[in-house]
There are 2 protein chains.
Amino acid sequence: MKLQEMTLKPIGRVRAEKGMFTIEIEEQYRPALAGLDGFGHIDVLWWADRSDTPEQRNITTCRKPYTHGPDTIGIFATRSPQRPNPIAVTTADVISVDQDHGIIRLSYIDAENGTPVIDIKPYHPSGERVRDVVLPPWCSHWPRWYEDSASFDWDREFTG
Amino acid sequence: MKLQEMTLKPIGRVRAEKGMFTIEIEEQYRPALAGLDGFGHIDVLWWADRSDTPEQRNITTCRKPYTHGPDTIGIFATRSPQRPNPIAVTTADVISVDQDHGIIRLSYIDAENGTPVIDIKPYHPSGERVRDVVLPPWCSHWPRWYEDSASFDWDREFTG
């Protein structure tokens, strides 16, 4: 098996200012937005640059991040940005796509202003909308729909 | 804004042989699997190494990949592995997690044998299960649920 160098380049940045959430796509990648405007939701892959240190990338477990969860949990059982490869995937509600200016307006994204974006994918229910969800007991009371998350009291669920 | 080097390291490999689909996690990352076994589904991030050439990474549009789709479509409106950063995200049904041996058994994954895996995340409906899906007309007849995809006639949907 050949040893591979896996490197990423930013295709854009998150803008999160004054309650507005947008993704600005670099000029060279704007043609790649053609046809995206028909989709109601996208998956945004972003680089958690604030968690990109050798120490954070070596973390494999964390201490009780969830109020009702176990005392120790593995990073791959969380969506923490501190992980071996600090990539986050966020499903986001699309307000508009302006291909010419490379602007995707979103209802919300949980990434800070300036965060590098590495990919945009259309949300397809055939691949991602699971009917029969199974969850561990500690998060089985969490919302069963994306749309119900905005009004859920998340502060009670995290210890930090 | 600092210029960042964004590099990935494989945390494991896909094994897809004889109708069995597993992910083998490298020994150093196995503690990160703790607590994953309560989740029915995971998101697998994998490196599309067969699409990792400078030419393929420069593609921004493609010619009519979908039978009912437009003549030209942007890469960010597709889930093609040929994209600026060749990362695929697959939601997969978990059969079992063996943390000690670093083996995750899946019902299926659309990655070839030996593909590098770069991340595993739990599937949370609160973040990913969209109730009110909007799709462009050319794919609005595709399955509305993950579970219905296995029996759908995908061959008719792709021109390739």
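Me: In this predicted model, which residue of E8(B) is the bridge partner of Phe21(B), and how should I read such a pairing?

Reply: As a general idea, strands of a sheet pair through backbone hydrogen bonds, either parallel or antiparallel. Here the bridge partner of Phe21(B) in E8(B) is Leu106(B), and this belongs to the pairing of E3(B) with strand E8 (residues 103-106) of chain B, which is antiparallel and extends over four bridges.

Me: Which strand of chain B pairs with strand E3 (residues 20-25) over six bridges?

Reply: That is strand E2 (residues 12-17) of chain B, again in the antiparallel sense, and within this pairing Arg13(B) stands opposite Glu24(B) of E3(B). The hairpin of E2(B) and E3(B) has two residues between the strands, and in this hairpin Lys18(B) takes a positive phi near 55 degrees.

Me: How do strands E2 and E3 of chain A pair?

Reply: In chain A, strand E2 (residues 12-17) and strand E3 (residues 20-25) are joined antiparallel by six bridges, with Thr22(A) of E3(A) as the bridge partner of Arg15(A).

Me: In what order do the six strands of the chain A barrel follow one another?

Reply: The order is E2-E3-E8-E7-E4-E9 in chain A, where antiparallel pairing closes the six strands into a barrel. With direction ignored, neighbouring strands of this sheet are turned by 45 degrees against each other on average.

Me: How many residues of chain A are in contact with chain B, and what supplies them?

Reply: As a general idea, the size of an interface is often given as the accessible area lost when the parts come together. Counted here by residues, 67 of chain A are in contact with 67 of chain B. Among the elements of chain A that each supply at least two residues of the side touching chain B are strand E4 (41-47), strand E7 (87-98) and helix H2 (125-128), while E9(A) gives the most, with six residues. The residues of that side of chain A divide into 37 nonpolar, 17 polar and 13 charged.

Me: Which strands are bridged between the two chains?

Reply: E1(A) is joined by three bridges to strand E1 (residues 6-8) of chain B, and the two run antiparallel; one pair consists of Met6(A) and its bridge partner Leu8(B) in E1(B).

Me: What rotation superposes chain A on chain B?

Reply: A rotation of 180 degrees, with 0.0 Å of shift along its axis, superposes them with an RMSD of 0.0 Å, which is the relation of a two-fold axis. Thr7(A) is the residue of chain A that comes closest to the rotation axis, its C-alpha lying at 2.2 Å. Because 100% of the interface residues of chain A are also interface residues in chain B, the copies meet through the same surface.

Definitions and conventions
Residues are numbered from 1 along each chain as its sequence is written. Chains are lettered from A and ligands numbered from 1 in the order in which they are written. This is a predicted model: local features need pLDDT of at least 70, side-chain atom pairs count only at pLDDT 80 or more; totals for chains, interfaces and linings use all residues. Two residues are in contact if their C-beta atoms, placed from the backbone, lie within 7 Å. Ala, Val, Leu, Ile, Met, Phe, Trp, Tyr, Cys and Pro count as nonpolar, Asp, Glu, Lys and Arg as charged, and the others, Gly among them, as polar. Two strands pair if DSSP finds at least two bridges between them. Axes are lines fitted to C-alpha atoms, for helices over the stretch in contact, and angles run from 0 to 180 degrees between N-to-C directions. Copies are superposed by least squares on the C-alpha atoms of residues with pLDDT of at least 70 in both.
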